[in-house]
Amino acid sequence: MALTGRRLEVDRIATLAVLPRESAMVVVGDPGSGRSSVLDAVADRVSLPVVRVGVNGSESRWPLAGVTSLFTALDDPRATAHIAHLLQAGGATSGLAAAHDFLEAVQTLTLPPTVVLIDDLDRMDRESQELIAFLAGRLAGTALRLVATVRTVPSDGPLTALPVLRLEPLAADVSLALARSMAPEGANDGVLAILADATGGNPGALREQFDMLSTAQLTGTEPLVLPLRPTATTEAIAALTLDVVEGAADTDTDDAGRGLDVLARLSLVPVARTTGWDRDAVDDLADAGLVVVRGQTVTVRDPLLRSTLYWRMSARTRRTLHRELAAASAEADPRAAAWHRSFVDDVPDVVALLDAAAGYVADGAPHAAVALAERALHVGSGGEDERTALLAVTEALFAQRQLGLAARYLTAMRPFRRGSDEVRRLRVLYSVQYLRGETVHADELLVPVDAEAPEAPATAGLLAMVASFRAETWDLEQARDLLARVEQLGSVVTPHTAEIAGAVQCLVAALDGSLPADTELYDGLSTARLMAMSDPALLLVAHALSLAERYRSARRVFALVVARGQDTEAVWVEGARYLSAENELRSGNFRQALRAIDAWEAGSALSAQRLREPSRAVAVAWRHFAEGRSLEALEVVDRCLALRSTVLLWGTTARLHALRGRVLLLDGRVDEAVTALEAADAVGRSLRNPTVLRHLGDLVEGYVRLGRIDDARNATARLAADHHARPSRWGALVLARSLALVADDATRETARRRALELFQPHDSQYERARTFAALTAVGTDAERPRLGAAAAAAYEAAGLRRPLATPAPTAVMPAFGVPTSLRSGPVLSAPVPGSPRSAPDASVVLTQLTAEERAVVQKVTEGYRNREIASSLFMSQRTVELRLTQIYRKVGARSRSHLVALLT
């Protein structure tokens, strides 16, 4: 299994192999933190020979057993003689003399540069630890790079002087990704999120929990028992902490003993209000890092420590303490009281327990809500009232965009007899499925709705919501059918449902290329009218405006949703931020798009969850590509395409293939790009609005660069037909570019001028750059420098942070005199304004520069800004600016983008 997480730690350790001198490092990590796995990854990563030294804890009572293991592992025939000498002299030689003998013995060995990896050095015998620590500080002349893992580094131990790398607990999203990689098929994603949180980011504890839990618990059909029962790793980690605490209790008597008692009692509750607790003891525990105090609440910091403290008590003791705490918290902390009473009442009040869970979600404590919800499932009877209360918890989790947890409790919820509650359940179910990138089948809506039924108004709202999902996934016919059913319900349709239905109609019209002008929408998109609308309706309208290429109007409407602040649920704020980023990407404004993506990610749910939502992954992939990380962009796209749920969504699948093709095309991998773009074309062909998928222009360019001119002309003819049926500004620009690429010899020059002169100042700089770059790929040697410089300048104007090499002239141009059925449009003979002049060859340019200037130029071509260049080359920003001025003067460059063009 590939190592999940720890990439930075592995990178840092692997740098030892490339250092010009010998060095050492100590890797410190709790039991189960993955110390051995990190060493395995390092062994696979480095190019030097690797020597692994395992430690047998049972040999720790034998002096110098560890040193013997080290010498045995080293591939040198003299090692055996040194072992015998050290063992004979061990008892008669002083510590310092023995250390020098050991160092001399290692230095006399004939070894190539070697990385020595010692796992669990602290389990070796004391003498070996001291000798190896002495060696680690004096590695010069030994050809060794030494890395040792330990659980702790005592302040008075021999390893304190060495560089230390601490393996911290995994972040929540990394831990969830690890849980997914370990889980059996069919495991519930919400259950995995609970396990990832309850094991505190410890890989070993997480792995052991999979061995302890039943299949029914992992799939979500049976509840979890929280806190989780401790495993061997859990108890080992807790023992390290408790040894320190209990040692302090032995010396400090009353205060430390009282703190231990308070800590044990706090382990009985997921979160408690500080009222009624010994505040001095709580503050002492917080100072020691054992509990976390936030506002008026306190909780045990480490879930593994809480698990150990909870389960080390007998059931009788826990029940007695629960009874005491229930009475003590009845007035000051009713939510905690509901939790405690569930352990002592003969018939627990499950509804009260779930009401408390919903309150914890609203307060931003989902881990506490989960503990109460799992307890309710464990002790409840599954009655209608209990399921209604659980539905309220699920709705609260959805509103906070805790989609995995919401899906977990939907799994545990049977359909309701009451029609109104069943509509609520379906609303959350469909919403969670859609936002997680899954197919929303909505088979329940196939049954006709009686307008006289009490649940008819709510059902109409559900129909309108599912219509929006169908429109967002480009199933326009189904969206229209659902909207027609809403209209048939007539007078029972609420104003909110009518508002959503109207917004969905706008989205359908935008996808079909027939959205009315802004002046005809919502009183001319007046602020007063828009502010009176609900958040989901505003998002639908804004997305429709973006699809219709009205980017400024869309930007304004998205801002209205975000500006509402605390009045807007998290799910809608995140939706606004994501769709706002997509709007900027569609507009070609990469600077604003990258800022929007950063803002979206900063306030978003777990990244591990985001990357399982294909529509959201598009923005993440674009960000990777724009910043020069094409491999990461393709990895995100391929991961989404591999999900079965993605394959069932044809619109999403088409978008991902189109993005994949675009990234490959701009990276010069034309064959692969055309394959991906043809897949997008095959999947999305039924959508006739070319501005939505935006793949045909890329496909034409790919065909031309591969010499498949007939295919390019056929694709251009389709683009022309679709554009004339649904005209748009983007379609006009890309059609002109495609016509220029496929034009014959007689019309080529005219078509190219037309493609360039069609651009206006307000048009997308990104599409302008794409046009220059595409024409560069099929241009003559004389044209390439001028067009390449113009493309680089346009890319920089668009805010693309990566240098794009001018495409090589590999395209096979149409034969002279071959007619084409495509007309290139009217002739505009004026020269392209502002086009750069021809420039010298890159090799000539570089020979004019000093070594320091070439280093600066290299960073410029890699997309670095001046501040980043200064930091990476260890010079001031002012020095970088002076060097660039000298470089411009030497090579005749007029700007940064022109310099990049000269060198690509």
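This is a tour of a predicted model, going from one selection to the next.

Residues are numbered from 1 along each chain as its sequence is written. Because the model is predicted, local features need pLDDT of at least 70 and side-chain atom pairs count only at pLDDT 80 or more, whereas totals for chains, interfaces and linings use all residues, and side-chain values rest on heavy atoms, with hydrogens and water left out.

Begin by colouring the chain by pLDDT, the predictor's confidence in each residue from 0 to 100. The protein chain averages 85, and 88% of the residues score at least 70. Select residues 606-612, where pLDDT stays under 50 and the model has 25 contacts (heavy atoms within 4.5 Å) beyond four places in sequence. Residues 803-840 are also below 50, with 86 contacts in the model beyond near neighbours in sequence. Where pLDDT is low, the predicted coordinates should not be read in detail.

Next, show the strands (DSSP runs of E, at least two residues) and helices (runs of H or I, at least four), both numbered from the N terminus. Two strands pair if DSSP finds at least two bridges between them. An open sheet of five strands has the order S2-S3-S4-S1-S5, with parallel pairing. Strand S2 (50-53) and strand S5 (164-166) are at its edges, each with a single partner strand, so one side of each lacks a neighbour in the sheet. Select S2 together with strand S3 (residues 114-118): four bridges join them, and Val-53 stands opposite Ile-118 in S3. Helix H3 (residues 65-73) lies across S2 and S3 and runs at about 150° to S2, where axes are lines fitted to C-alpha atoms, for helices over the stretch in contact, and angles run from 0 to 180 degrees between N-to-C directions.

Move on to the open sheet of three strands, whose order is S6-S8-S7 and whose pairing is antiparallel. Its edge strands are S6 (272-273) and S7 (291-294), each pairing on one side only. Between S6 and strand S8 (residues 297-300) there are two bridges, and Ala-272 stands opposite Val-298 in S8. Helix H13 (residues 279-287) packs on this sheet, touching S7 and S8, at about 115° to the direction of S7.

Most residues other than glycine have a negative phi, and most peptide bonds are trans. At Pro-227, in the loop between helix H10 (215-219) and helix H11 (232-252), the peptide bond from Leu-226 is cis, with omega near 0°.

Finish with Thr-691 in helix H37 (residues 690-693), a residue buried at 2% relative accessible area that touches Leu-547, Glu-549, Arg-586, Ser-728 and Trp-730, not counting residues up to four places away in sequence.

How values were computed. Buried < 20%, exposed > 50% of the residue type's maximum accessible area, 1.4 Å probe, protein only.
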